[in-house]
Amino acid sequence: MVQRQEYLNKLFSFKDKQLIKIVNGVRRCGKSTLFELYQAELLKNEVSKNQIQSINLEDPAYSELFDWKKLYDYINKRLVSNKKNYIFIDEIQNVADFEKAADGLFIKKNVDLYLTGSNSKMQSGEWATLLSGRYIEIHMMPLSFKEYHSVAFTGNIEDTFRNYLENSSFPYALQLDGDRKQIRDYLGGIYNTIVLKDVVENKKIRDVSRLESVIKFMSDNIGNLTSIKKISDTMISDGIKMLPLTIENYLDAFRESYILYKVSRYDVKGKKLLQTLDKYYLVDIGLRYYLLGNKKADRGHILENIVYLELLRRGYEVYIGKVADKEVAFVVESADGIEYYQVADTVADTKTLERELMPLNAIKDHNPKFLLTRDFEPKTSHNGIKQINIFDWLLD
């Protein structure tokens, strides 16, 4: 079992705070396992077993608790008096009016409440409406390369990275020992659950084949500037007529299920967000292999996808940078300020290096600038721009 230390640290930072802790993210990214790890740590820290209640609402044993009042009563009568109780509820969106049970538990001074969810009801807007400021969200993703490397290093960093991409970053894939057929079947189960349960069922979509044509297009175009019109034109050229509004609804549904991430463009000089041409990235590159087989992909865009997800893990707000007619892979913002990242497979060729540095050199402020590549060169600097091997950066 991979120790998801980053997420454990976040949970412990909010332990016993008067906030509902919500862990959201794509299905099978490890939310339930995270709760198990956290509970094990609580037991090591003078919390007794009877102070912990853990309910997974995907388990048929708890099907009677889909009524919010029954759920509340079930938990309430098992609370330990005069001690802190740690309550964990997986997939609480399965309960109608679940916010009533959450509110009832929240107001109890001796309850520390933790919830998970994975479909559209776990979006920030939904929680903001139902729980109005009484919660903190922790967004969880499948394994980072650092987490994967900690348990699956082959002795060769490039081989390990290739396995990370092709064998999937979903935690359970590690248990399948690199068996590509089993991994494909496993990813198929995740994909079908997301598409059929989180998207088709929630959005009441009738034409699943059209929905799948959109996600395949997006998987084939990660890292490319994309517009609804471009997707529509491609669909039409393939003989599939689809209204732009339908495509937009499909993309929203994939984002709500955390299978797809949208990144807007930011005008670095004008310091404003742009309303046209976004980029999209997948939550797991293994899903791209599942959907498209071994169809060739731009290696630079695959690396961008990995870097984007890692920047999110590190707590940044992430945008695509526009500098006049040039593009910076990522402009990131945090409480510490702004940073700029360019990502390339290799810059061994001088002309390629110049091309990748040009957008960063066009930015005249003094915020940190980085060029991430797979080149195994010593860390170097180009006019203040730090070139770093991407594996070193991911493992930092």
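# Briefing: cores, sheet and pockets

Ile390 lies in helix α15, which spans residues 390-395. The model is a predicted one. Its largest nonpolar core has 91 residues, and a second, separate core has 25. An open sheet of eight strands is present. The largest pocket holds about 710 Å³ of space.

- Leaving aside neighbours within four places in sequence, Ile390 is in contact with Leu303, Val307, Leu372, Thr373 and Arg374.
- Leu303 is 87 residues away from Ile390 along the chain, yet their C-alpha atoms are separated by 8.6 Å.

**Ser232 in helix α10**

- Ser232 sits in helix α10, residues 228-237.
- Is Ser232 buried or exposed? Its relative accessible area is 7%, under the 20% cut-off, so Ser232 is buried.
- Beyond neighbours within four places in sequence, Ser232 is in contact with Met242 and Ile247.

**Nonpolar cores**

- In soluble globular proteins, nonpolar side chains tend to be buried together.
- Within the core of 91 residues, those with the most contacts are Phe161, Ile259, Leu260, Leu311, Phe330 and Tyr341.
- Helix α8 (residues 180-203) gives this core its largest share, nine residues.
- The separate core of 25 residues includes Ile20, Ile75, Ala101 and Leu105.
- What does Tyr341 touch, leaving aside neighbours within four places in sequence? Tyr341 is in contact with Leu311, Tyr316, Val328, Ala329, Phe330, Val332, Phe370, Leu372 and Trp393.
- Leu372 is among the contacts of Tyr341, and also among those of Ile390.

**The eight-stranded sheet**

- Strands of a sheet pair through backbone hydrogen bonds, either parallel or antiparallel.
- The strand order is β8-β7-β10-β11-β12-β13-β15-β14, and the pairing is mixed.
- Which strands are at the edges? They are β8 (272-273) and β14 (380-382), each pairing on one side only.
- Strands β10 (residues 317-323) and β11 (residues 326-334) run antiparallel and are joined by six bridges.
- Glu317 stands opposite Glu333 in β11.

**The largest pocket**

- Rolling a probe the size of a water molecule over the atoms shows where empty space is left.
- The largest pocket, with about 710 Å³ of space, is lined by 24 residues.
- His139, Tyr261, Tyr308, Leu312 and Glu317 are the lining residues closest to its centre.
- Which elements each supply at least two lining residues? They are β5 (135-139), α11 (244-256), β6 (260-263), α13 (299-313) and β10.
- Strand β6 supplies the largest share of the lining, four residues.
- By class, the lining has 12 nonpolar, four polar and eight charged residues.

**The second largest pocket**

- The volume of the second largest pocket is about 480 Å³.
- Its lining has 21 residues, with Arg28, Gly30, Thr33, Pro171 and Tyr172 nearest the centre.
- Helix α2 (residues 31-44) contributes the largest share of this lining, three residues.
- By class, the lining of the second largest pocket has eight nonpolar, six polar and seven charged residues.

Methods. Residues are numbered from 1 along each chain as its sequence is written. This is a predicted model: local features need pLDDT of at least 70, side-chain atom pairs count only at pLDDT 80 or more; totals for chains, interfaces and linings use all residues. Side-chain values use heavy atoms; hydrogens and water are left out. A nonpolar core is a set of buried Ala, Val, Leu, Ile, Met, Phe, Trp, Tyr and Cys residues joined through side-chain atoms within 4.5 Å. Buried means under 20% relative accessible area, exposed over 50%, partly exposed in between (1.4 Å probe, protein chains only). Contact means heavy atoms within 4.5 Å. Two strands pair if DSSP finds at least two bridges between them. On a 1 Å grid over the protein atoms alone, a cavity is a set of points where a 1.4 Å probe fits but cannot get out, and a pocket is an open set with protein on both sides within 12 Å along at least five of seven lines; lining residues have an atom within 4 Å of a point. Grid points are joined across faces, edges and corners, and a volume is the space filled by probe spheres set on the points. Ala, Val, Leu, Ile, Met, Phe, Trp, Tyr, Cys and Pro count as nonpolar, Asp, Glu, Lys and Arg as charged, and the others, Gly among them, as polar.
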